[in-house]
Amino acid sequence: MDFSIGDLSRRTGVKVPTIRYYEKEGLLEAPLRSEGNQRRYRSRDLERLGFIKHCRDLGLPMPAIRDLIDLSQHPDKPCETANRIAEDQLKAVRQRIAHLRKLEAELKRIATSCEGDHTVTECNVLKAFGDHGLCLQEH
C-alpha cells in the first residue's frame, strides 16, 4: 500500500512541511514518485514517521533521533546507545522541570506581592518584572 504526503500527514498528525523537512534532513528516505511526480510513501515510511513523531513528542533532539534511527538499522548491535539516549533525555527533562519549578515559585511570589490596590507607579509586580535583582533566587 502506498500513501500520498497528505495521507501520511493525516495518519500521523505530522504537518506536510515537517514531513518534507524530515526528508531533507535524511530522517525519512526520499519517497518514490508517481508518473505525475507526486510523492508516494510506503508502510515503512509511515512507521518511521510515527517513530520520529513519538521521539519528538518525548522531546528528543534531532541528533538523538538520527542516532536511534541509525541504531535501528543494525539489529545485532547492543542497545546501550539507546539506553544512554533515554537516560540523557530523562536527565534533560528533570533539569527543565527543576528550572520550571524555580520559575513557578518566583512567579507565585511576584503575583502575590501586590494586592492590585496601588497605582502603577507603586506596583510591585511591574517592579519585579523590571528588576531581576528583586528576585529571591536565580531562575
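Predicted model: local features only at pLDDT ≥ 70, side-chain atom pairs only at ≥ 80, totals over all residues.
The side chain of Arg10 is joined to the side chain of Asp7 by a polar contact of 2.9 Å. If we look from Arg10 to Glu106, which lies 96 residues away along the chain, we find that 41 Å separate their C-alpha atoms.

The domain assignment places residues 3–62 in domain 1 and residues 82–134 in domain 2, and the centres of domain 1 and domain 2, taken over C-alpha atoms, are separated by 37 Å.

The overall dimensions come next. The C-alpha trace spans about 70 × 40 × 20 Å along its principal axes, and the radius of gyration of the chain is 23 Å, whereas a compact globule of 139 residues would have one near 14 Å. Of the 139 residues in the chain, 27% are buried, and the accessible surface comes to about 9900 Å², with 53% of it belonging to carbon and sulfur atoms.

Finally, a careful reader asks about confidence. The average pLDDT of the chain is 90, and 100% of the residues score at least 70. Among the elements, helix 3 (residues 43–57) has the highest mean pLDDT, 96, while strand 2 (residues 32–33) has the lowest, 82.

Note on methods
Residues numbered from 1 in each chain as written. Heavy atoms only, no water. Domains from an automatic or database assignment. pLDDT = per-residue confidence, 0-100. Helix = DSSP H or I, 4+ residues; strand = E, 2+ residues; numbered from the N terminus. Polar contact = N/O pair within 3.5 Å; in protein donor to acceptor, adjacent residues only side chain to side chain. Rg over C-alpha atoms; globule rule 2.2 N^0.38 Å. Buried < 20%, exposed > 50% of the residue type's maximum accessible area, 1.4 Å probe, protein only. Areas by Shrake-Rupley, 256 points an atom, 1.4 Å probe, with all protein chains shown as cover.
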